[in-house]
Structures are given as C-alpha cells and as structure tokens.
Amino acid sequence: MELHLVRQIADIDRQAWNGLVIDNNPFLRHEFLLALEEHQCVSDKFGWYAQHVALYDQGRLIAAMPLYAKTNSYGEFVFDQAWSQAWQSVGLGYFPKWVSSIPYAPVTGQRFLIAPDQQADQIRAFLVKHLQKIATEQGVSGWHILFAEHYAAPNDQAWLSSQPDWLIRHDCHFHWFNRGYQTFDDFLAQLKPKKRKNIKQERRKVEQAGVGLRRLNGHTASEQDWQDFAYLYEKTFAEKHSIATLNQGFFQAVAQALPDQVLLVMAERDGKTIAGSLMFVSDSVLFGRHWGCMDDVNSLHFEACYCQGIEFAIEKGLQRFEPGAGGEHKIARGFEPVITQSAHWLAQNPFPSGIAGFVAEEKAMIDDCFKQSWLQRPFKLND
C-alpha cells in the first residue's frame with residue numbers, strides 16, 4: 001500500500017474519492033472540497049493548508065481523509081485557544097496542528113473514508129499509526145478529528161473513542177429528527193399545544209409582514225440570487241466583526257457541481273431580497289449552514305433557517321436536520337439535544353493532568369447541558 005499526503009484535492013481522482021463517501025454527504029464530496037480550494041476559502045490567507053490523505057493499494061484508492069495543517073484555530077467550532085496559550089506559556093509551539101474536519105462547518109460525517117470491501121478498523125489503525133509518525137516528523141503539535149460520524153454503527157467516532165492515546169471532547173448540538181411525518185402539520189401535532197401555537201404565530205408574523213420565500217437549488221438559483229446571498233453572508237460576518245471566508249464564486253461553484261444538494265431559501269418583500277439562508281443536502285440529512293438579512297423582520301430567521309428546512313426535510317423524506325452549532329432556542333422549534341464528540345491526539349502533552357481535568361470538566365458541563373435541554377423538549381410525550 002502507498003500512503004500520500006496531497007496539497008490539493010485535484011491531485012486525487014474525483015470519482016475514486018466520491019466512491020468512498022457515504023450517504024452522498026455534500027461536505028465530503030470532491031467537488032465541495034475542490035471549490036473551497038479553487039476559490040481560496042482554504043488557503044494561507046485563512047491559515048488552512050490542504051494535506052489530504054490518500055491510501056492506495058496497487059493503484060486503487062481504498063481510503064482517504066480530509067486533512068488540513070492549521071496555523072490558527074479559526075473555523076473549527078471546537079475551541080482550543082486555552083490549549084494554545086498553555087503550550088506557548090512553556091515555550092512550545094501549538095501551531096502548526098493537523099485538523100480532519102470540514103472547514104467552517106460543524107457537521108457530522110465520515111472522517112475516515114474507507115472502501116466497503118476493506119476491513120475498516122484495520123485501515124483506521126494503519127492510517128493513524130503512519131500519520132502520527134509523519135506528524136511527529138513534521139513537528140505538528142497534534143491531530144484533531146472533529147465531529148466524526150457517530151450515528152451509523154460501527155463508526156469513526158466509536159473507534160476513536162476506544163483508542164487510549166486519543167482525548168475525547170464533548171459538545172451539545174441540536175438536531176431535528178423525522179419520525180415519519182408526512183406534512184409539517186404532522187410534526188406540529190406532536191408538539192405541546194403552547195409550542196405548536198408559538199410556531200404557528202411566528203410563521204404568521206412573517207406572512208403578515210408581506211414577506212415571501214423562495215426555495216431554490218443549483219438549477220433554479222440565478223447569478224443574481226447568489227450575488228444577493230453572498231452580500232448577505234458577508235454583511236452578517238462584518239456585523240459580528242468576524243471573518244467571511246466563503247465567497248460568491250465558491251457558492252456558485254458548489255451549486256453548479258452539486259445542484260441537487262443545495263437548498264437556498266431567499267426571502268423577499270416588495271420585490272427586494274431582504275434575507276437568505278443556505279443549506280446542503282445528503283441522501284438522508286439536511287445541513288443548515290449560513291444566514292444573512294437586511295431587514296429585521298420578526299421571526300424571519302426562524303422561518304428561513306428552521307421551518308423551511310423542516311418542511312423541506314419532510315417533503316424529501318430526510319431522516320435528520322442538523323442546523324449548525326449551538327442555540328438552545330432551537331429546542332422550542334422541535335430540535336433535540338445531541339452529544340457530539342471530537343478526538344484529539346497530542347504529539348507532546350506538557351500538561352497531562354491539566355488537559356485530562358479540562359476534558360473531564362467539559363464533559364460534565366456538556367452532560368448537564370444535555371440533561372437540562374432534554375427536559376425542555378417541546379413534544380407532548382417526553383420520555
């Protein structure tokens with residue numbers, strides 16, 4: 001077998017890479033990762049350097065991983081700034097580090113892409129052993145595998161959690177689950193009366209404000225739609241004094257390459273675009289990602305980002321809707337707490353007891369958040 005690290009995903013055959021992707025996950029598809037690179041969304045400008053993993057057996061790609069060398073911690077959604085400061089305090093470099101994740105997207109999914117005819121655990125063990133050796137040789141401080149698949153079993157996260165040299169961190173996200181609903185009203189019928197009434201009132205406020213919504217995909221969204229959305233996206237980041245890493249070229253490239261896996265919701269009033277939300281679709285999951293607005297309309301954010309997504313998921317028979325990280329306000333709208341995990345290997349750990357304590361305290365805090373959130377679920381029958 002031959003193991004390669006490549007600095008651009010274009011050096012790996014598109015069809016071979018996509019053949020390893022489960023559930024047609026859009027974030028893991030070759031086209032999505034290529035668009036990030038070609039439109040400079042991952043580049044030295046933002047501190048993301050592609051080093052994707054490709055494992056070949058007699059010329060055939062049998063395993064792969066998205067992998068980036070990082071010179072900062074931006075866009076990961078697993079915060080390790082305290083670790084970086086601790087390393088610096090004893091004269092150690094925390095950067096570069098390795099990250100296996102989807103840039104700027106806290107979405108769950110494969111991190112070890114393995115051909116179905118291979119022994120998955122053996123391939124994972126082979127990759128980890130050899131990549132840890134390379135990381136040490138390159139002076140990388142550690143390797144962080146974020147939001148690995150944990151729904152399907154056996155899965156990447158379960159394997160990582162069983163490895164003694166990997167630290168496991170926890171977080172609490174909120175996902176929506178399709179329990180065989182045929183319509184949005186079927187979903188509402190499962191909620192407590194007050195919660196059901198509140199959602200109906202929110203939707204009514206948007207309608208009474210004279211706002212109309214269009215659901216578009218890569219086939220139906222125009223260049224003007226993408227220009228409008230890119231403006232809204234950049235405006236949102238500017239207002240938060242943050243960095244807008246994506247751009248119109250990237251959005252359009254993904255929409256063109258994966259037209260059926262894009263859901264763009266555009267809100268209009270008096271012929272003018274005032275808000276938009278962007279989501280992506282796998283064979284079974286809807287992923288909510290970005291939102292921006294020009295006019296502050298009561299409840300429009302909830303409508304464009306959550307209700308439209310739930311309605312779409314029901315219509316398409318999707319199993320789950322991941323709307324993004326954080327946000328306990330999602331519970332009242334039918335989303336449920338889910339524990340997500342990330343795995344961390346440190347080439348050198350100067351604070352073994354301190355890091356272990358940090359991880360344990362964080363887990364206890366997340367467990368408490370999960371329990372409290374679980375009790376707040378809006379469904380009529382809370383088990």
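The radius of gyration is taken here over C-alpha atoms, and the globule rule sets it at 2.2 Å times the number of residues to the power 0.38. For the 383 residues of this protein chain, the rule gives a radius near 21 Å for a compact globule, and the chain has 21 Å, which agrees. The structure is a predicted model, and the values below are computed from it.

**Overall fold and surface**

The protein chain contains 11 helices and 15 strands, and its C-alpha atoms fill a box of roughly 60 × 45 × 45 Å along the principal axes. Of its 383 residues, 53% count as buried, while among contacts between residues at least 6 apart in sequence, 76% join residues at least 24 apart. The accessible surface comes to about 16900 Å², and carbon and sulfur atoms account for 49% of that area. As for charge, the protein chain carries 37 positive and 44 negative side chains, with the centres of the two sets lying 7 Å apart.

**Aromatic pairs**

A pair of aromatic rings is described by the distance of the centres and the angle of the planes.

Because W98 lies in strand β6 (residues 97–100) and W143 in strand β8 (residues 142–146), the tryptophan pair ties together parts that are 45 residues apart in sequence. W98 counts as buried at 0% relative accessibility, and W143 is likewise buried, with a relative accessible area of 0%. F184 counts as buried at 7% relative accessibility, and F187 is buried with a relative accessible area of 0%.

**An aromatic cluster and F27**

One aromatic cluster is formed by F27, F32, W226, F229, Y233, F237, F250, F251, F280 and F287. Its member F27 is placed in the loop between α1 (14–18) and α2 (30–38), and F27 is buried, with a relative accessible area of 1%. Leaving aside neighbours within four places in sequence, the contacts of F27 include the cluster members F32, F280 and F287, and F27 is also in contact with L33, I102, A105, V107 and R289. F27 and V254, although 227 residues apart in sequence, are 10.0 Å apart in space, C-alpha to C-alpha.

**Backbone exceptions**

Most residues other than glycine have a negative phi, and most peptide bonds are trans. The peptide bond from F95 to P96, by contrast, is cis, with omega near 5°, and P96 is placed in the loop between α3 (81–89) and β6. F77, which is not a glycine, has a positive phi of about 70°; F77 is placed in the loop between β5 (68–70) and α3, and counts as partly exposed, with a relative accessible area of 30%. Y104 also has a positive phi, near 65°, and is placed in the loop between β6 and β7 (113–114). Since buried means under 20% relative accessible area, the 6% of Y104 makes Y104 a buried residue.

Conventions
Residues are numbered from 1 along each chain as its sequence is written. This is a predicted model: local features need pLDDT of at least 70, side-chain atom pairs count only at pLDDT 80 or more; totals for chains, interfaces and linings use all residues. Side-chain values use heavy atoms; hydrogens and water are left out. Helices (H or I, at least four residues) and strands (E, at least two) are DSSP runs, numbered from the N terminus. Buried means under 20% relative accessible area, exposed over 50%, partly exposed in between (1.4 Å probe, protein chains only). Contact means heavy atoms within 4.5 Å. Accessible areas come from the Shrake-Rupley method with a 1.4 Å probe; for residues, only the protein chains shown count as cover. Lys and Arg count as positive and Asp and Glu as negative; His and the chain ends are not counted. The place of a charge is taken as NZ of Lys, CZ of Arg, CG of Asp or CD of Glu. Rings of Phe, Tyr and Trp (its six-membered ring) pair if their centres lie within 6.5 Å; planes under 30 degrees apart count as stacked, over 60 as edge-to-face and the rest as tilted.
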